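Reader: Hi! I'm new to this one. Could you walk me through it?

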Amino acid sequence: MNRIELKVNGIRVQREVADNLRLIDLLREDLELTGTKEGCSVGECGACTIIMNGKAVCSCLLLAAQCDGAEIVTVEALQHDKVGQKLQNAFVRHGGVQCGFCTPGVLMSAKALLDHHPQPNDDQIKEALEGNLCRCTGYIPIIKSIKAVLENA
């Protein structure tokens with residue numbers, strides 16, 4: 001067992017975690033932050049993307065013990081964030097949400113991008129989305145949604 005402390009969505013969290021507990025399991029099962037989805041379990045689909053210390057990462061690939069001292073942001077925090085709110089609204093308005101399974105991970109990748117590049121170009125948007133698989137939208141509505149946030153900034 002490992003004693004860890006991290007900040008999740010602005011709240012300090014302390015837990016005793018098993019050596020093999022993944023971050024996604026801590027978030028979903030222990031902290032009941034179920035917006036983060038598990039798709040592939042091997043870091044290929046991006047459904048489990050969260051922001052850790054300012055970077056978009058796959059939470060299925062991280063052990064909770066590796067995250068000691070980290071600052072974690074999940075999709076649940078976007079409702080309290082100006083850019084996050086704009087992203088969510090734009091995704092609804094421009095069809096960036098269809099079945100919705102990939103949406104939390106895509107939103108987190110987009111949020112991390114906009115946090116570091118407030119006016120990204122098309123190539124930067126596409127690069128930020130590379131780790132997120134979407135079977136419904138064909139990505140055009142997702143890119144359009146992100147660009148709508150830039151236009152209304």
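**Helices and cysteines**

Author: Happy to. Keep in mind that this is a predicted model. Let's start with a pair of helices: V83, G84, L87, Q88 and F91 in α2 meet T103, V106, L107, A110, K111 and L114 in α3.

Reader: What classes of residue make up that contact of α2 with α3?

Author: The contact has 7 nonpolar, 3 polar and 1 charged residues.

Reader: At what angle do the axes of α2 and α3 cross?

Author: At roughly 130 degrees, and the axes come within 10 Å. For orientation, α2 covers residues 82–93 and α3 covers residues 103–116.

Reader: Is the crossing of α2 and α3 right-handed or left-handed?

Author: Right-handed.

Reader: Okay, new topic. How many disulfides does the structure hold?

Author: It holds 0 disulfides.

Reader: Is C99 buried or exposed?

Author: C99 counts as exposed, because its relative accessibility is 57%. C67, at 1% relative accessibility, counts as buried.

Reader: Where is C67 found, then?

Author: In the loop between β4 (55–58) and β5.

Reader: Which residues does C67 touch?

Author: Leaving aside residues up to four places away in sequence, C67 touches E5, L6, L23, M52 and L62. There's also a spacing to look at with K7: K7 and C67 are 60 residues apart along the chain, and their C-alpha atoms are separated by 9.7 Å.

Reader: You mentioned L23 as a contact of C67. Which residues of helix α1 are buried?

Author: L23 is one of them, together with I24, D25, L26 and L27. Helix α1 itself covers residues 23–30.

Reader: What do the buried residues of α1 pack against?

Author: They pack against four strands: β1 (2–8), β2 (11–17), β3 (49–52) and β5 (71–73).

Reader: And what follows α1?

Author: E32 follows α1, and the phi of E32 is positive, near 55 degrees.

Notes: Residues are numbered from 1 along each chain as its sequence is written. This is a predicted model: local features need pLDDT of at least 70, side-chain atom pairs count only at pLDDT 80 or more; totals for chains, interfaces and linings use all residues. Side-chain values use heavy atoms; hydrogens and water are left out. Axes are lines fitted to C-alpha atoms, for helices over the stretch in contact, and angles run from 0 to 180 degrees between N-to-C directions. Helices (H or I, at least four residues) and strands (E, at least two) are DSSP runs, numbered from the N terminus. A crossing is left-handed if the near helix is turned anticlockwise from the far one by less than a right angle, and right-handed if clockwise. Contact means heavy atoms within 4.5 Å. Ala, Val, Leu, Ile, Met, Phe, Trp, Tyr, Cys and Pro count as nonpolar, Asp, Glu, Lys and Arg as charged, and the others, Gly among them, as polar. A disulfide is a pair of cysteine sulfur atoms within 2.5 Å. Buried means under 20% relative accessible area, exposed over 50%, partly exposed in between (1.4 Å probe, protein chains only).
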